Amino acid sequence: MIKSRYLKFAFAAAVASVLATAPAARADEQFFPLQSYRVGPYAAGGTGFFGGFIDYLNLINIRDGGVNGVKLTWDEGETQYEVERGVEVYERLKGRPGVAAWNPLSVGIAYAMIDRITKDKVPLITINHGRTDSTDGRVFPYVFPLLLNPYSETSGIVNYIASREGGVDKLKDKKIVVLYHGSPYGKETIPIYKLFANKYQFSLEQIEVPHPGNEQQSQWLSIRRAKPDYVVLRGWGVMNPVALKTAQKVGFPADHIIGNVWSNSEEDVIPAGDAAKGYIAITTQASGEQYPVLQEVIKTVYGAGKGNLDDKKRIGSVYHNLGIVNGILNVEAIRIAQAKFGKRTLTGDEVRWGFEHLQLDPARVEALGAKDLFHSINVTWDNHEGDGRVTFQQWDGGKWKVVSGWIAPDWAFLRPIIEKSAAGYAKEHGIKVRTSGDEAVSN
Amino acid sequence: MFDYQFLIEVLVGGLLSGVMYSLVAIGFVLIYKTSGVLNFAQGAMLLFAALTFVSLLERGISFPVAFVITLAIMVVLGVSVERAVLRPLVNQPPITLFMATLGLSYVIEGAAQLLWGTQVHGLDIGISDVPLDIAGVFISRFDLFAAAVAGSLVALFALFFRYTRTGLSFRAVADDPFAALAVGLRLPRVWASVWTASGIVALVAGLLWGARLGVQFSLSLVVLKALPVLVLGGFDSIAGAIIGGLLIGAIEKLSEVYVGPLFGGGIEAWAAYVVALVLLLVRPSGLFGQKLVERV
């Protein structure tokens with residue numbers, strides 16, 4: 001096992017060095033540069049997400065011969081989740097022909113790339129994360145926080161709690177504590193929770209956990225004293241299992257802890273052992289391998305010995321399925337753009353156009369073999385999130401089980417806040433706000 | 001009205017957390033005491049030990065056998081570090097040795113992930129963490145167990161240092177390495193033994209911290225919890241590591257709960273360093289560290 005891993009590593013290094021000096025790609029190839037992280041503190045998430053993404057690209061190549069005959073290619077650069085390395089990989093790979101889109105799955109790297117990708121006119125996909133105001137495509141033409149931005153996540157969680165209590169009117173006089181990671185990511189939703197607390201008249205307390213969050217005794221003692229009805233866990237990495245374990249220590253029930261989208265993976269609950277049983281978390285994509293697209297990946301990709309995950313038990317895990325859904329969205333954006341521009345290698349700007357017309361209704365999602373894996377998406381030139389729905393899953397000690405229907409965040413309430421923030425960004429950076437998405441696509 | 005029961009709960013929780021910090025700090029003290037090296041790789045050793053142990057468990061090896069195998073691996077690691085890294089750097093300035101251990105920590109972390117993979121693991125050592133309710137004050141069973149383990153470890157080290165020949169040679173080297181060398185003590189052997197002891201501490205601390213956080217890469221970050229403990233207790237005192245840990249644990253929790261709200265929360269990580277820094281200004285060798293007197 002170890003030996004084969006060394007061999008794989010050596011082989012990958014050799015292939016990478018050949019690719020690095022390879023001549024221009026053929027005209028029928030579309031290239032995905034991947035700023036992956038397969039070692040370092042966040043490797044568990046990185047291997048799952050990028051594994052799922054590559055598995056789906058492989059499925060399209062093996063099963064369909066690419067997208068309308070255009071083969072999908074990719075190359076990975078290791079970032080260890082570090083911003084500097086992410087930018088270095090960007091600079092190294094941006095010159096490759098036929099770059100379709102960037103998918104770093106890192107808030108820090110994504111922030112560092114916004115100016116660069118805007119200048120280079122290539123889409124930046126920040127599925128389930130990134131700047132909330134980049135939802136406003138009028139100001140951020142090349143950034144796509146697909147499916148869910150942090151504000152929609154907040155609204156989805158509040159709506160779920162309301163549904164458990166019997167309606168939003170029942171939130172009045174309830175008490176919610178938000179336990180957040182002490183980082184810009186963790187703090188981003190502080191004002192939004194306040195807005196919802198005012199709107200629905202619930203009592204709110206927001207408590208910070210200093211990075212990395214491996215000690216939370218004092219925070220959970222404060223929570224015990226506050227006696228909240230629910231705790232929202234807005235964590236990251238080791239903070240999540242420690243929160244669940246410490247909650248058990250102070251006797252707070254796990255089924256009243258609601259995790260956000262970065263507190264919803266197997267990696268967040270397995271280390272917590274029994275303390276995680278009953279814990280609930282939001283997600284945009286369900287876990288499990290029962291969906292037709294996952295079955296096809298297993299049969300076609302893993303059957304051909306081209307699966308990306310070393311451990312097949314991780315197929316269908318939260319991060320792997322996020323990678324699969326991310327693959328579907330990228331591939332469908334290319335397919336949509338090809339319908340307009342031709343079945344050939346597209347420019348980054350043409351792929352951007354494809355993303356801005358990425359409309360997959362439940363029927364199309366079902367046709368793609370992803371019914372119940374994710375709900376739908378409806379991206380437009382000015383709405384780059386695409387109104388993703390969320391669902392909630394509960395950890396039973398061995399796997400996640402879906403415990404809610406697909407819930408819609410309160411987009412109408414959030415949109416003016418997003419537009420205001422985006423307008424501020426546009427003013428600060430001297431950006432001309434787009435008034436239409438029909439402008440010519442540069443080649 | 002002031003809630004004294006809550007105060008006691010916070011204080012007890014802090015003291016018990018402090019014991020966990022002490023466990024990590026002891027590993028530093030052992031190395032520093034006998035070789036003057038601040039071993040920054042202690043956190044990586046802790047990660048390596050826990051990851052090795054849990055990986056063996058997951059391959060169907062029983063708990064005691066996995067423990068013994070991991071112990072043997074940590075002994076080999078300790079001896080190898082002494083041979084391959086420290087011995088060639090003997091007589092180099094302390095900063096060189098520190099940088100060597102810094103590099104070593106990255107090598108050990110990388111090797112751990114290469115050998116055992118990047119997945120996170122749960123570790124159940126059979127101690128339930130359902131709290132004990134003592135007169136309304138919740139006390140963690142797991143933390144009590146960890147405190148008992150740490151106490152036993154310190155008692156064992158105290159007996160070892162006092163009543164065994166190797167322990168005596170440790171103390172001799174700690175007091176004056178040149179005098180120890182002059183009377184015939186073999187320093188490399190002592191250093192290899194002490195790195196082995198440090199590896200054992202890393203294993204015990206790794207299992208307890210691993211059961212608390214899960215066995216994952218961030219285990220190596222627990223060294224950051226030990227640093228203010230060392231500043232407070234002194235780099236060369238095991239008793240100092242214990243008392244320093246208790247003080248830092250209590251200060252962290254009390255400051256977070258009672259002072260934190262004034263600053264918007266999240267202060268415990270740096271509050272401990274503020275205390276350590278103040279003490280450093282007043283008493284550079286820590287509360288229990290030896291005062292260094294040099295003839296110039």
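In this predicted model, helix H1 (residues 4–35) of chain B packs against helix H5 (residues 141–163) of chain B at an angle of about 35 degrees, and the two axes are 9 Å apart. Axes here are lines fitted to C-alpha atoms, for helices over the stretch in contact, with angles running from 0 to 180 degrees between N-to-C directions; helices (H or I, at least four residues) and strands (E, at least two) are DSSP runs numbered from the N terminus. The crossing of H1(B) and H5(B) is left-handed, a term for a near helix turned anticlockwise from the far one by less than a right angle. H1(B) brings Leu16(B), Val19(B), Met20(B), Ser22(B), Leu23(B) and Ile26(B) to the contact, while H5(B) brings Asp143(B), Leu144(B), Ala146(B), Ala147(B), Ala150(B) and Leu153(B). Two residues are in contact if their C-beta atoms, placed from the backbone, lie within 7 Å. By class, the residues of this contact are ten nonpolar, one polar and one charged, where Ala, Val, Leu, Ile, Met, Phe, Trp, Tyr, Cys and Pro count as nonpolar, Asp, Glu, Lys and Arg as charged, and the others, Gly among them, as polar. As a handy reminder, an α-helix has 3.6 residues a turn, so residues three or four places apart point the same way.

Residues are numbered from 1 along each chain as its sequence is written, and chains are lettered from A and ligands numbered from 1 in the order in which they are written. Because the model is predicted, local features need pLDDT of at least 70 and side-chain atom pairs count only at pLDDT 80 or more, whereas totals for chains, interfaces and linings use all residues.

The contact takes 35 residues from chain B and 36 residues from chain A. On the side of chain B that touches chain A, two or more residues come from each of H1, helix H4 (94–116), H8, helix H10 (238–259) and helix H11 (268–282) of chain B. The largest share of that side, six residues, belongs to H1(B). The side of chain B that touches chain A comprises 13 nonpolar, 15 polar and seven charged residues.

The largest nonpolar core has 215 residues, and those with the most contacts inside it are Leu179(A), Leu244(A), Ile258(A), Ala25(B), Leu46(B) and Ala50(B). Such a core is a set of buried Ala, Val, Leu, Ile, Met, Phe, Trp, Tyr and Cys residues joined through C-beta atoms within 7 Å; a residue is buried if 20 or more other C-beta atoms lie within 10 Å of its own, exposed if 12 or fewer, and partly exposed in between, with C-beta atoms placed from the backbone. Helix H8 (residues 187–213) of chain B gives the largest share of this core, 17 residues. Leaving out residues up to four places away in sequence, Leu244(A) touches Ala254(A), Ile257(A), Val269(A), Ala272(A), Ala275(A), Ala276(A) and Tyr279(A).

Chain A is assigned domain 1 (24–148 + 287–378 + 419–429) and domain 2 (150–283 + 392–409), with bounds from an automatic or database domain assignment. The C-alpha centres of the two domains lie 28 Å apart. Contact between them involves 13 residues of domain 1 of chain A and 16 residues of domain 2 of chain A. Helix H2 (43–64) and helix H12 (318–341) of chain A each supply at least two residues of the domain 1 side.

Turning to local features, helix H8 (residues 217–226) of chain A is mostly covered, with seven of its ten residues buried; Trp220(A) and Leu221(A) are among them. In the loop between strand S6 (203–209) and H8 of chain A sits Pro212(A), joined to His211(A) by a cis peptide bond with omega about 0 degrees. Most residues other than glycine have a negative phi, and most peptide bonds are trans. Asn68(A) has a positive phi near 50 degrees and lies in the loop between H2 and strand S2 (71–78) of chain A. Ala135(B) likewise has a positive phi, near 50 degrees, in the loop between strand S1 (132–134) and strand S2 (137–139) of chain B. Asn68(A) is partly exposed because it has 14 C-beta neighbours inside 10 Å, while Ala135(B) is exposed, with 6 other C-beta atoms within 10 Å.
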